[in-house]
Amino acid sequence: MEKIRCGWCEKDDLYRKYHDEEWGRPIYDDETIFEFLILESFQAGLSWYTILAKRENFRKAFDHFDYKKIAAYPDKKIEDLMNDSGIIRNRLKIMATVTNAQKFMEVQKEFGSFSSYIWDFIGGKPIDKRPETLADVPATTEISDLISKDLKKRGFKFVGSTVIYAHMQATGMVNDHIKSCFTRK
């Protein structure tokens, strides 16, 4: 019997693997949360498929998303990234990654972990929406608006409400798998 999945992931094996093994699963460790925050910020204006296809290149280029290293990137590293055809070469997004790494550590210092900070917006437990179809899945919510606003106030870049809602979905803060999707079982 064939597995029923959320319709967005039927494109190919890369999407299916990501959907089946990662998307919507709660993540509480700061390292993975940071990785998704950066990947989602690079995705702004592009397809998630583009980012997934380049994910390993991003990991190599950005020191496996070691935010302590990224926060201290010198100008030479920025230029190296701008010349790396394996990633999205957008100077504003690359610079935002450095800024976001710095701000990420500031949040860690204030809240003990970034995970504690971001999960506190929803009381520490995933929101299970149980949409019937993909049409029932929003691009933003009041909570993503609130998180986005707070992150921007703290100096984060490329963290609009749509980016944050996608981050919430990716890290399992919200479960938007459709009701019939096999991952719900």
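**Salt bridges and a helix contact**

A: In this predicted model, a salt bridge joins the side chains of Arg 154 and Glu 110, at 2.8 Å from N to O. The pair connects distant parts of the chain, 44 residues apart: Arg 154 belongs to the loop between helix H8 and H9, and Glu 110 to helix H6.

Q: What is the general idea behind such a pair?

A: Side chains of opposite charge can pair when their charged atoms come close. In this structure, Arg 154 also meets Asp 150 in a salt bridge, again with an N to O distance of 2.8 Å.

Q: Which of these residues are buried, partly exposed or exposed?

A: The reading rests on relative accessible area: under 20% is buried and over 50% is exposed, with partly exposed in between. Asp 150 has 14% and is therefore buried. Arg 154, at 22%, is partly exposed, whereas Glu 110, at 52%, is exposed.

Q: At what angle do helices H2 and H9 pack?

A: The angle is about 140 degrees, and the axes are 9 Å apart. Angles over 145 degrees would count as roughly antiparallel, so H2 and H9 are oblique to each other. Their contact involves residues including Phe 36 and Leu 37 of H2 and Val 163 and Ile 164 of H9. By class, the contact residues comprise 7 nonpolar, 2 polar and 1 charged.

Definitions and conventions:
Residues are numbered from 1 along each chain as its sequence is written. This is a predicted model: local features need pLDDT of at least 70, side-chain atom pairs count only at pLDDT 80 or more; totals for chains, interfaces and linings use all residues. Side-chain values use heavy atoms; hydrogens and water are left out. Axes are lines fitted to C-alpha atoms, for helices over the stretch in contact, and angles run from 0 to 180 degrees between N-to-C directions. Helices (H or I, at least four residues) and strands (E, at least two) are DSSP runs, numbered from the N terminus. Angles under 35 degrees count as roughly parallel, over 145 as roughly antiparallel, 65 to 115 as roughly perpendicular and the rest as oblique. Contact means heavy atoms within 4.5 Å. Ala, Val, Leu, Ile, Met, Phe, Trp, Tyr, Cys and Pro count as nonpolar, Asp, Glu, Lys and Arg as charged, and the others, Gly among them, as polar. A salt bridge is a side-chain nitrogen of Lys or Arg within 4 Å of a carboxyl oxygen of Asp or Glu. Buried means under 20% relative accessible area, exposed over 50%, partly exposed in between (1.4 Å probe, protein chains only).
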